[in-house]
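Open the structure in your viewer and get ready to click. We will go from stop to stop, selecting a few pieces each time.

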Amino acid sequence: MRDQEEPRRVPEMNPGSFARPIHGGLDHPPVRAGKIGVVIANLGTPDATGYWPMRRYLGEFLSDRRVIDYSPWFWQPLLQLVILTRRPFSSGNAYRLIWNRELDESPLLTTTRNQAHKLAEAFAGDDRILVDFCMRYGNPSTENVLRSMCDRGCTRILFFPLYPQYSATTTATAVDQAFRALMTMKWQPAFRTAPPYHDHPLYINALANSVRKSLGDELPDALVLSYHGLPERYLTEGDPYHCHCQKTSRLLTESLGWPPEIVRTCFQSRFGSEEWLKPYTVDEVSRLAKGERKRIAVLAPGFAADCVETLEEVDSEIREAFQDAGGTRFSYIPCLNDSPDHIRLLADIVTTELSGWI
């Protein structure tokens, strides 16, 4: 009598190898398997500062119904016939002031690429994890990056929008675009999205360290925390952005150990005629200067990387408004960018969100 046979073992496939499954006598196209993708996503950038690249970028951005939710019957004629005939010139001029001429690209693209590289280094010990980045608008596009991840063998992907404070106009539209890409795929990867991190202890600590590093022991007359603006009605319609900003400001103030009256929460980049979240940064810095607060520092906690809204709007336009009102010292505190504290924060969030996968 034969001994009982052991169960047949299926050879394990090297996660980085190619496989050719046989189905009904047909060779399946080569596929990779076993990798885990991490995609960090930011807002986007034009490919160049000329009229047509700016028009393409602004057209995509301002046609997003998450960003501008007016009826297309009203908005698109206004956008195509009026706004996009003029705004590419002014926006192009703003981008030229801060453009990375060495690499011929926007600082946002440079910094986000560096963030992805350093985040990949943080997981270099695990060859299953691949890290890349994409932009909601412009290039590298969300769809191309997700497809590239799948082609490189990623059967699981963590999608990480780099917006500390959640808003439908930022986090949600980035995630929307990722799911649109997934809808076109025959073989979808398992997919997760990272949550907002407005109150994450490492985020608050990184912001506090950046303030201390920039200002040293000198206490300014005011610390202005300038977040990107949002129409007021979004708050009443359920968007938690304003609450997330206020909590970040409170926790940062507590971490610094500064008197609450020194810190101001403000909002910038107002667009259109309706009421937006207040106070407006440009008005507040002027008021502070006229009220004998002549030395201020400005930090933009809602931006994961310096971009046109921080380098040109805050550190140029808002600085000028403060000085014109009588201010004497304006200190712009850079975004967290690719600093060690920031990469440590991102790596911690990624590790948490990959729980069960690694």
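The tour visits a sheet, the helices around it, and then a single residue.

**Before you start.** This is a predicted model, in which local features need pLDDT of at least 70, side-chain atom pairs count only at pLDDT 80 or more, and totals for chains, interfaces and linings use all residues. Residues are numbered from 1 along each chain as its sequence is written, and side-chain values use heavy atoms, with hydrogens and water left out.

**Stop 1: the sheet.** Helices (H or I, at least four residues) and strands (E, at least two) are DSSP runs, numbered from the N terminus. Select β6, β5, β7 and β8: in that order they form an open sheet of 4 strands with parallel pairing. Two strands pair if DSSP finds at least two bridges between them. β6 (129-138) and β8 (190-193) are at the edges with a single partner strand each, so one side of each has no neighbour in the sheet. From one strand to the next, the twist averages 25 degrees.

Now zoom in on β5 (residues 35-45), which runs parallel to β6 and is joined to it by 9 bridges. Find A41, and you will see C134 of β6 opposite.

Stop 2: Angles run from 0 to 180 degrees between N-to-C directions, and axes are lines fitted to C-alpha atoms, for helices over the stretch in contact. Contact means heavy atoms within 4.5 Å.

**Stop 3: two helices crossing.** Show α1 (residues 51-62) with α2 (residues 72-98): their axes come within 8 Å and cross at roughly 125 degrees. Residues making this contact include Y51, M54 and L58 of α1 and W75, L79 and F89 of α2.

**Stop 4: a helix with buried residues.** Which residues of α5 (residues 168-183) are buried? Among them are A168, T169, V175, A178 and L182. Buried means under 20% relative accessible area, exposed over 50%, and partly exposed in between (1.4 Å probe, protein chains only). Their cover includes β6, α4 (142-151), β7 (154-161), β8 and α7 (232-236).

**Stop 5: one arginine.** Finish at R136 in strand β6. R136 is buried, with a relative accessible area of 8%. Leaving aside neighbours within four places in sequence, the contacts of R136 include N42, E60, D64, T173 and R180.
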